[in-house]
Amino acid sequence: MNRLSHILKPIMPLLAAAYGLMLIYVTAMPMAGGNESIGSHVLSWMLTLVAIALTYVLVRQVEPRVFPEAKHFSLKLPMPAALLGLLLSAPLWSVAEGYVVYGLTSLLHSVQMEPITYTLEELREDLLASVHAVLLAPILEELCYRQMAISPFRRRRAQIIVCVVMALLFGILHVRNFLGASIDAMLYGLVFIWTRNIWYAVILHVGHNLMATLLAVYCMLGFGEIQMSKMPVIILPETKVVLAAVVMAIIGLVVLKKLRI
């Protein structure tokens, strides 16, 4: 087993990325050709649940036997209050990421922003897609691109190097949103390394994706205006949304501080 561990460890990040890409492709197959029917969404959700279950077994039962270092990372769910604190903090990160991507992109070329508009049908499709994006995809992607890839490494320097590599691969996976997805993945990876628990990264990922869904509903209901660029993907909410995100983050940080996380 030690020999197998030495052979696999250097290529484990690439294996994890390839495995994750394969699962994402398979779970997206029902949506091929722009099929947005409820049935295709449900089938995609079911396939994703199967993929999550399979991956969970791999990282919980198989990986620790091959890589003893993986036992130092926990798959135990944290206290609900800790997850709530992180969930409240996630919208501010989502807002900050948009401005960071906008600033970096503006250094290279002008960015054309325009108000987001939604028809009722577009909102319906977005809400159906958000079930996967908010509740399922973050679990599968974090298990593959963080837990499976980083946990075989004991030294912090090696973990951070793998974190950077996986962030870039994760960004490539998101094509138009390469920069934003890479930055997000760096945060998720560093949180995973720091807490040694994948669920903290998952909840941040959930909160980030949930923020995008809530902004779509916010626009559709006419509460305000959100600026967006489609290439690269940049979302810039108005001031009152930013202030609300700051208040939520402060509450979230207070909760986390009380728990000493």
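Q: In this predicted model, which residues of α7 does α6 meet?
A: The model is a predicted one, and on the α6 side the residues in contact are Arg156, Gln159, Ile160, Cys163, Val164, Ala167, Leu168, Phe170, Gly171 and Ile172. Sorted by class, the contact of α6 with α7 holds 13 nonpolar, 4 polar and 1 charged residues. The partners that α7 contributes are Phe178, Ala181, Ser182, Ala185, Met186, Gly189, Leu190 and Ile193.

Q: Are α6 and α7 roughly parallel or roughly antiparallel to each other?
A: The axes of these two helices lie 8 Å apart, and the helices pack at an angle of about 150°, while α6 passes α7 in a right-handed crossing. Angles over 145 degrees count as roughly antiparallel, and therefore the relation of α6 to α7 is roughly antiparallel.

Q: Where is Val175 found, and is Val175 buried or exposed?
A: Val175 sits in the loop between α6 and α7, and its phi is near 50°, a positive value in a residue other than glycine. Exposed means over 50% relative accessible area, so at 59% relative accessibility Val175 counts as exposed. The place and the class asked for are thus the loop between α6 and α7, and exposed.

Q: How do α7 and α8 run relative to each other, roughly parallel or roughly antiparallel?
A: With their axes 7 Å apart, α7 and α8 pack at an angle of about 150°, and α7 passes α8 in a right-handed crossing. The cut-off for roughly antiparallel is an angle over 145 degrees, and α7 and α8 are therefore roughly antiparallel.

Q: Which residues of α8 make the contact with α7?
A: From α7 the contact draws on Asp184, Leu187, Tyr188, Val191, Phe192 and Thr195. By class, the residues of the contact of α7 with α8 divide into 8 nonpolar, 3 polar and 1 charged. On the α8 side the contact is made by Ile198, Tyr200, Ala201, Leu204, His205 and His208.

Q: What is the phi of Arg196, in the loop between α7 and α8?
A: Arg196 is found in the loop that joins α7 and α8, and at 28% relative accessibility Arg196 counts as partly exposed. Its phi is positive although the residue is other than glycine, with a value near 60°.

Q: Leaving aside neighbours within four places in sequence, with which residues is Ile198 in contact?
A: With neighbours within four places in sequence left aside, the contacts of Ile198 are Ser74, Leu75, Glu142, Leu143, Arg146, Gln147 and Phe192.

Q: Is Thr105 buried or exposed?
A: Thr105 lies in helix α4, and apart from neighbours within four places in sequence it is in contact with Val111, Leu179, Pro232 and Ile234. Buried means under 20% relative accessible area, so at 7% relative accessibility Thr105 counts as buried.

Q: How far apart in space are Thr119 and Cys163, C-alpha to C-alpha?
A: Thr119 has its place in the loop between β1 and α5, and with a relative accessible area of 41% Thr119 is partly exposed. Cys163 is one of the α6 residues that meet α7. The two are 44 residues apart in sequence, and their C-alpha to C-alpha separation in space is 39 Å.

Q: Are α2 and α3 roughly parallel or roughly antiparallel to each other?
A: The axes of α2 and α3 come within 9 Å and cross at roughly 160°, and α2 passes α3 in a right-handed crossing. Angles over 145 degrees count as roughly antiparallel, so the description that applies to α2 and α3 is roughly antiparallel.

Note on methods. Residues numbered from 1 in each chain as written. Predicted model: local features only at pLDDT ≥ 70, side-chain atom pairs only at ≥ 80, totals over all residues. Heavy atoms only, no water. Contact = heavy atoms within 4.5 Å. Axes fitted to C-alpha atoms, helices over the stretch in contact; angles between N-to-C directions. Helix = DSSP H or I, 4+ residues; strand = E, 2+ residues; numbered from the N terminus. Parallel < 35°, antiparallel > 145°, perpendicular 65-115°, else oblique. Left-handed = near helix turned anticlockwise from the far one by under 90°. Nonpolar A, V, L, I, M, F, W, Y, C, P; charged D, E, K, R; others polar. Buried < 20%, exposed > 50% of the residue type's maximum accessible area, 1.4 Å probe, protein only.
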